[in-house]
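Trainee: I would like to go through a chain with you, one question at a time.
Mentor: Fine, let us look at it.

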Amino acid sequence: MCAAVRTEADLSNRGEGMTTTGAVPAVAAKPRAAIGEKTLRRDRWWVAPALTVTGLVAWLAYGMVRVFSQANYYVAEHHYLTPFYSPCTSTGCLPEAAHFGRFTPDHPLVPYAALSLPFLLLFRLTCYYYRKAYYRSFWLSPPACAVPDRRPRYTGETRFPLVFQNLHRYAFYAAVLISLVNTYDAVIAFDGERGLGIGLGNLVLATNVVMLWIYTLSCHSCRHVFAGRLRTFSQHPVRYRWWLLVSKLNTRHMEWAWITLGTLALTDAYVMSVSAGWITDLRFVN
Ligand code: FES
């Protein structure tokens, strides 16, 4: 961890620098040592930022294509709905895929899941891990420890537009609601034509939902929800146990962030492939 150039996301990831209100105080960066070279590091410090950029750009490109394709998002026979279209609220949605009604406009530039995607985007964009990822990898601010910041000044997240990163705690509540919707989608997909139905698609949807819950519960804001204002754990044993659990998940928040990007894309690709008729769903029961 860079001693003099840590971002607020870095600090929060480590639980350092937080005040009792959860705010992160401004960090006064020490001036850089007077050395001629840009960095004294000789290792391949650029690999991690390069991989991060590649992974995030590839995922975003895939997601944009899928969200705006408005096709192959539902398998009517097995009730599989891709998470990229959940909840499907557009008037253009197939009626059987619209579990919560159809009321958003049907337009090529309006996603079928227009109700959830902006909040999910906000949740991920303001996530403490992703902040660190794109501050370092896209903005090179700084790209790695002991490598200078590309920007001359560090203003933190106290000014426009980065002050909006503080919306994360509210995006967390929206993400919980959307995870409930995804859970509902995964559960009703077990409803086969002759009772309980289980196929590979069910396992894919269920795995994705479990991973989404783990990622959501491992959120830093979730830790605050469970124990943010407590003064004594001993008087709140239930909240303490939950705080211990989510804290344990929180230690691997970066991994969950990447794993869920993978499960989301794989789940969508599976539903798309079955819906388009490229593959048939492997059925175990009914
Ligand atoms: S800190 Fe990453 S989801 Fe909240």
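Predicted model: local features only at pLDDT ≥ 70, side-chain atom pairs only at ≥ 80, totals over all residues.

Mentor: Residues are numbered from 1 along each chain as its sequence is written.

Trainee: How are α3 and α5 oriented to each other?
Mentor: Helices are DSSP runs of H or I with at least four residues, numbered from the N terminus. The axes of α3 (residues 117–125) and α5 (residues 168–188) come within 9 Å and cross at roughly 125°; axes are lines fitted to C-alpha atoms over the stretch in contact, with angles from 0 to 180 degrees between N-to-C directions. Angles under 35 degrees count as roughly parallel, over 145 as roughly antiparallel, 65 to 115 as roughly perpendicular and the rest as oblique. The two helices are therefore oblique.

Trainee: Which residues in α5 does α3 meet?
Mentor: A contact means C-beta atoms, placed from the backbone, within 7 Å. On the α3 side are F119, L120, L122 and F123. Their partners in α5 are A171, F172, A174, A175 and I178.

Trainee: How many residues has the largest nonpolar core?
Mentor: Such a core joins buried Ala, Val, Leu, Ile, Met, Phe, Trp, Tyr and Cys residues through C-beta atoms within 7 Å; buried means 20 or more other C-beta atoms within 10 Å of the residue's own. Those with the most contacts inside the largest core include Y80 and V271. Its size is 25 residues.

Note on methods
Contact = placed C-beta atoms within 7 Å. Buried ≥ 20, exposed ≤ 12 C-beta atoms within 10 Å, placed from the backbone.
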